[in-house]
Amino acid sequence: MPDYKWPDAKQRTVIGTRVSRVDGPVKASGHAKYTYDQNPKGLLHAALVRCPYPHAKIASIDTSAAESMPGVKVVHVIQEQGKTVQWSGDEIVAIAAIDERTAEDAVRAVKVE
């Protein structure tokens, strides 16, 4: 490994000096905008129905209750009836709704055997 010596302290321009961050004051004051803060008009919230069992066969999927709920825009079946789910946590049904609470209610309304 090469022998490296740091420059003399008087010649250093960055090391050992205070460097202020450009975004520091905005973040520290709470005025910074993050992607979570952006809610454009018409934004939909998604939720997933996941399989709680590993290596399980889907006997039936009933999404009619979720589809008829007010505020639910789309119900998409990812794993069809008769398919075998390989892993616990695999997605079975995806739901898009006008708000997070409606999407979660629709997830609970889906019946999967």
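Predicted model: local features only at pLDDT ≥ 70, side-chain atom pairs only at ≥ 80, totals over all residues.

Student: Why does Asp 62 count as partly exposed?
Tutor: Buried means under 20% relative accessible area, exposed means over 50%, and partly exposed is in between (1.4 Å probe, protein chains only). Asp 62 has 38% relative accessibility, so it counts as partly exposed.

Student: What does Asp 62 touch, leaving out residues up to four places away in sequence?
Tutor: Contact means heavy atoms within 4.5 Å, and on that basis Asp 62 touches Ala 109, Val 110 and Lys 111. Asp 62 itself lies in strand S3, residues 61–62. Strands here are DSSP runs of E with at least two residues, helices are runs of H or I with at least four, and both are numbered from the N terminus.

Student: What makes Tyr 4 and Trp 6 an edge-to-face pair?
Tutor: Rings of Phe, Tyr and Trp (its six-membered ring) pair if their centres lie within 6.5 Å; planes under 30 degrees apart count as stacked, over 60 as edge-to-face and the rest as tilted. Tyr 4 and Trp 6 are 5.7 Å centre to centre with 85° between the planes, an edge-to-face pair. A search of the whole structure finds one aromatic pair.

Student: Why are Tyr 4 and Trp 6 called exposed?
Tutor: Tyr 4 has 58% relative accessibility, so it counts as exposed. Trp 6 counts as exposed too, because its value is 57%.

Student: How do you know that S1 and S6 pair?
Tutor: Two strands pair if DSSP finds at least two bridges between them. S1 and S6 have six bridges, in the antiparallel sense. One example is Leu 48, whose bridge partner in S6 is Ala 94, and Arg 50 stands opposite Glu 91 in S6. On to S4: five bridges join it to S6, again antiparallel, with Val 75 partnered by Ile 95.

Student: What order do the strands take in the sheet?
Tutor: The open sheet has three strands, in the order S1-S6-S4. S1 and S4 are the edge strands, each pairing on one side only.

Student: What makes S6 mostly covered?
Tutor: Five of the seven residues in S6 are buried.

Student: Which residues touch the most other members of the largest nonpolar core?
Tutor: A nonpolar core is a set of buried Ala, Val, Leu, Ile, Met, Phe, Trp, Tyr and Cys residues joined through side-chain atoms within 4.5 Å. The largest one has 19 residues, and those touching the most other members are Ala 66, Val 72, Val 75, Ile 92, Val 93, Ile 95 and Val 110. At least two core residues come from each of S1 (45–50), S4 (72–77), S6 (91–97) and helix H3 (100–109).

Definitions and conventions:
Residues numbered from 1 in each chain as written. Heavy atoms only, no water.
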